[in-house]
Amino acid sequence: MDIVLLLFGFVAGVRHGFDIDHIAAISDMTSSQSNRARGMLYAALYALGHGIMVMVLGVVLILVGQQLPASIDLFFGKV
């Protein structure tokens with residue numbers, strides 16, 4: 001069961017990475033660079049920073065036993 005949850009979390013994370021806001025942010029950072037290596041570095045740092053924040057927030061919520069309220073979907077969801 002734990003493997004299934006981990007796999008689901010991974011797949012959901014990969015799918016989340018292809019959301020239009022992520023693609024736009026990375027595209028904007030990389031296309032504005034004349035040096036491809038610098039663009040790749042910026043994209044990698046963006047992905048690393050995003051991943052670290054998601055992990056830190058997730059761990060904090062797990063440790064304190066909190067859940068996000070259902071109303072958060074209305075605020076942050078796509079319209």
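Contact here means heavy atoms within 4.5 Å. With that in hand, welcome to a quick tour of this predicted model.

- Gln33 has a relative accessible area of 22%, so it counts as partly exposed.

**How the two helices meet**
- Two packed helices are described by the angle between their axes and the distance between the axes.
- For helix H2 (residues 20-31) and H3, the axes come within 8 Å and cross at roughly 145°.
- The crossing of H2 and H3 is right-handed.
- On the H2 side, the residues that meet H3 are His22, Ala25, Ile26, Met29 and Thr30.
- Their counterparts in H3 are Gly39, Tyr42, Ala43, Tyr46 and His50.

- Tyr42 belongs to helix H3 (residues 36-64).
- Tyr42 is partly exposed because its relative accessible area is 32%, and patches take in residues with over 30%.
- Tyr42 is part of a nonpolar surface patch together with Leu41, Leu45, Leu48, Ile52, Met55, Val56, Val59, Val60, Leu63 and Val64.
- Together, the patch residues have about 1100 Å² of accessible area.

**The salt bridge**
- Side chains of opposite charge can pair when their charged atoms come close.
- The structure holds 1 salt bridge.
- Arg15 pairs with Asp19 in a salt bridge, and their closest N and O atoms are 2.4 Å apart.
- Asp19 has a relative accessible area of 10%, so this residue is buried.

Note on methods:
Residues numbered from 1 in each chain as written. Predicted model: local features only at pLDDT ≥ 70, side-chain atom pairs only at ≥ 80, totals over all residues. Heavy atoms only, no water. Patch = residues over 30% accessible without salt bridge, like charges linked within 9 Å, V, L, I, M, F, W, Y side chains within 5 Å. Areas by Shrake-Rupley, 256 points an atom, 1.4 Å probe, with all protein chains shown as cover. Salt bridge = Lys/Arg side-chain N within 4 Å of Asp/Glu carboxyl O. Helix = DSSP H or I, 4+ residues; strand = E, 2+ residues; numbered from the N terminus. Buried < 20%, exposed > 50% of the residue type's maximum accessible area, 1.4 Å probe, protein only. Axes fitted to C-alpha atoms, helices over the stretch in contact; angles between N-to-C directions. Left-handed = near helix turned anticlockwise from the far one by under 90°.
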